[in-house]
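Take a look at the model below, and then we can go through it together.

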Amino acid sequence: GAIFFPDAFFQGLKSLVIPYAGYFHILARFVAWLGSLLPVRYVPHWYEFASWLLLVGIIVYIFSRRFPFGGGLKLLLGLALVATTAANEVFFNLANWAFLCSFFWLLLSFSSEPQSRGQSLFDVFLLTLAGLNTPFVVCLWPLFLLRWGIRRTRHSLILFGLSLIVAAIQFWNMPGRIEAGGMIPAMSRTFADVLIYRFGFIFLG
């Protein structure tokens, strides 16, 4: 709220492409922009409701027909998503949508092939929107390479190519968004520290 709401309120739609913490938050910032159209007293409620919708969307996606798994495995996947000891801060904080959006990439990587043009477009839209809201795409794009290597379908190749583009966009922006401002050399200690903290600390705890 301290970052996204003021940006949305003063910058409007331009805030969608303002990076924060070294990467883009397109989806979260869009929600913040919608919230800026509401009376201020309702904005926290809107953020909570939108976060709840995102979580429900992931669960619905898990139980969709796009995943050729039994109900028991889908139930375990759903429980794995919500069985957390971190209270609800990760789920209902716009800045932490990066964690939830990364699940969409994980699920997309092993979803079944689309059966219609609408499903194909949905996959492309979901991959792009979720990917431009999380830095983890820099680590997750090989999953789409693996998908294409196994299936060798045109759709898998499109997703792989798009995942590379989205990952490159997020990666390119990372070393330049530090508090001191300005770009830093890729071959530098600061650059390495950013990557180690952003990924190593998050994945390894």
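## Aromatic rings and cysteines

Searching the whole structure turns up 14 aromatic pairs. One of them joins W46 and F49: the ring centres are 6.4 Å apart and the planes meet at 40°, so this pair is tilted. Please keep in mind that this is a predicted model.

Where do W46 and F49 lie? Both belong to helix α3 (residues 43-62), and they are 3 residues apart, about one turn of the helix. W46 is partly exposed, with a relative accessibility of 22%. F49 is partly exposed too, at 42%.

Y61, F67, F104, F110 and F122 make up one aromatic cluster. A charge meets a ring as well: the charged end of R152 sits over the ring of W148, at 4.2 Å from the ring centre.

Now to the cysteines. How many disulfides does a search of the whole structure find? The search returns 0 disulfides. Such a bond would be a covalent link between the sulfur atoms of two cysteines. As for accessibility, C101 is buried, at 0% relative accessible area, whereas C139 is partly exposed, at 37%.

| Residue | Relative accessible area | Class |
|---|---|---|
| F49 | 42% | partly exposed |
| C101 | 0% | buried |
| C139 | 37% | partly exposed |

Terms used. Residues are numbered from 1 along each chain as its sequence is written. This is a predicted model: local features need pLDDT of at least 70, side-chain atom pairs count only at pLDDT 80 or more; totals for chains, interfaces and linings use all residues. Side-chain values use heavy atoms; hydrogens and water are left out. Rings of Phe, Tyr and Trp (its six-membered ring) pair if their centres lie within 6.5 Å; planes under 30 degrees apart count as stacked, over 60 as edge-to-face and the rest as tilted. Helices (H or I, at least four residues) and strands (E, at least two) are DSSP runs, numbered from the N terminus. Buried means under 20% relative accessible area, exposed over 50%, partly exposed in between (1.4 Å probe, protein chains only). A charge sits over a ring if NZ of Lys or CZ of Arg is within 6 Å of the ring centre and within 35 degrees of the ring normal. A disulfide is a pair of cysteine sulfur atoms within 2.5 Å.
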